[in-house]
Amino acid sequence: MLVFWIGAILTGLVAVAFARGSDEAQALFRSLAQRGAWYVWLVPPLGFALVSALTQRYFPEARGSGIPQTIAALHLRGQGYRDRLLSLKNAAGKFGLTIAALASGASIGREGPTVQIGAAIMYSLGKRARLAAAGLDRSLILAGGAAGVAAAFNTPLAGVVFAIEELSRSFEHRAAGVIFSAVVIAGVTSIGITGNYAYFGTTESVLPGGWAWLAVPLCGALGGLAGGLFAHSMLWVRSGVPKLMAAVPVLTPVRIALLCGLLVAAIGVLCGGETFGTGYGEARMLVQQQGMPGPLFALGKFLATLASYAAGIPAGIFAPSLSIGAGLGGYLGLVTTIAPASTLVVLTMVAYFAGVAQAPLTALVIVSEMTGDRSLTLPLMAAALVGRGASSLVCRESLYQSLSLAFMPRSPR
């Protein structure tokens, strides 16, 4: 059990360092952008190309979110494949390259990468203690991934639910105690350094009775359909980019990344710089009702996140997805008064996230913990379920499960 405790503490420490490094990277990009427009046009394409080249050359298993790699490692039986996906080398590469991508203006999050890093830390410690050989490797990976979510967002319950609903797709009784222990210890470590906080600050959103409840299917359908469209687009990009490179031989992964960086720069300029980075600031502003981003924010963030993923760089989508959902809810608040504006933001945010990940329980718990609001539990639950159902009309595949196939060895024909 000592191995799990040490692994959870390390995951919490790394998550805190990752969060602070990501914040500093975004601040660096914003400071460069303020020096002149040519920085905005120059930094993303060159930064994307450099990060892509390093990823392709040294850390090929670090590309993308990190959650698909963790899922693939759970399904793979050969220890060699798990060693490759969850090596400490890849974890270090994921850490550094994600921060570098954020410093280049990428529209990405750090939470998915934290899942892979947490799983890699726990799995590597288990190997050294020979726990993996004892058949506890799946428990180690689940615990590390759950601890990563818990420490990244300060959402302990979401870490547990995410491990059960999305990573394992089943409840393993043998792993239950390990997951809970890892989540608690990683969470306590993170809180001990940063203090206890709600990710988006606390809200007092309410949903009055009567006609106001029509906001639930409205937000659920809008968020779910948009989330399903995003997931479908992600899967299309996964298959479309290799086909494009095969059809146009002059296009290499690095050149694709450069073009994607140029697209992200163009979107950022068009949207007044709001689409660069994680989107945390814009989402928090909407949740707290402290302002409203520009009219193109949600669409721009949607496209910028897709372009960042298409670049083949380390690119989590948790935070950008939450910000897109919040943006859609903010627009609803401008056209209808059926419910308080802050309530529409939170309901659409949970529906969009449920639509992207097709994991309604995780969406419910993570948004509830991130806003510190328990008064909307039932409406959020209903919106998440509606969002999940609406998403399936657009995308029938589970995003993370489908993306994980790219990291599994192909069976010989």
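These are my notebook entries on a predicted model of a single protein chain.

**Entry 1, overall form**

I began with the secondary structure, and the protein chain turned out to have 18 helices and 0 strands. I then looked up the radius of gyration, which is 20 Å for the protein chain; a compact globule of 413 residues would come near 22 Å, so the two values agree. Along the principal axes, the C-alpha atoms fill a box of roughly 60 × 50 × 45 Å.

I next asked what share of the 413 residues counts as buried, and the value for the protein chain is 60%. For the contacts with a separation of 6 or more, I noted that 81% are made by residues 24 or more positions apart.

**Entry 2, charges**

Counting charged side chains, I find 27 positive and 15 negative ones in the protein chain, with the centres of the two sets 11 Å apart. How many salt bridges does the chain have? The count comes to 3, and I went through them in turn.

R84 lies in helix α4 (residues 79-85), while E61 lies in the loop between α2 (37-58) and α3 (67-75), so the bridge ties together parts that are 23 residues apart in sequence. I also checked the exposure of the two partners: R84 has a relative accessible area of 31% and is partly exposed, whereas E61, at 12% relative accessibility, counts as buried.

The remaining entry on salt bridges concerns D83 and K127, whose closest N and O atoms are 3.3 Å apart. Because D83 lies in helix α4 and K127 in helix α6 (residues 111-128), the pair ties together parts that are 44 residues apart in sequence. D83 is partly exposed, with a relative accessible area of 24%, and K127 also counts as partly exposed, at 33%.

I then turned to L235, which lies in helix α10 (residues 215-247) and is buried, with a relative accessible area of 6%. Which residues does L235 touch, once those up to four places away in sequence are set aside? I find C395, E397, L399, S402 and L403. I also looked up the separation of L235 from K89: these residues are 146 residues apart along the chain, and their C-alpha atoms are separated by 27 Å.

For S22, I noted a place in helix α1 (residues 2-33) and a relative accessible area of 1%, which makes S22 buried. Leaving aside neighbours within four places in sequence, S22 is in contact with I99, L102 and R110.

Q289, although not a glycine, has a positive phi of about 55°. Where is Q289 found? Its place is the loop between α12 (280-287) and α13 (297-310), and at 41% relative accessibility Q289 counts as partly exposed.

Q358, likewise a residue other than glycine, has a positive phi near 50°. Q358 lies in the loop between α15 (341-357) and α16 (360-371). Is this residue buried or exposed? With a relative accessible area of 7%, Q358 is buried; a residue counts as buried when that area is under 20%.

Conventions. Residues numbered from 1 in each chain as written. Predicted model: local features only at pLDDT ≥ 70, side-chain atom pairs only at ≥ 80, totals over all residues. Heavy atoms only, no water. Helix = DSSP H or I, 4+ residues; strand = E, 2+ residues; numbered from the N terminus. Rg over C-alpha atoms; globule rule 2.2 N^0.38 Å. Buried < 20%, exposed > 50% of the residue type's maximum accessible area, 1.4 Å probe, protein only. Contact = heavy atoms within 4.5 Å. Lys, Arg positive; Asp, Glu negative; His and termini not counted. Charge placed at Lys NZ, Arg CZ, Asp CG, Glu CD. Salt bridge = Lys/Arg side-chain N within 4 Å of Asp/Glu carboxyl O.
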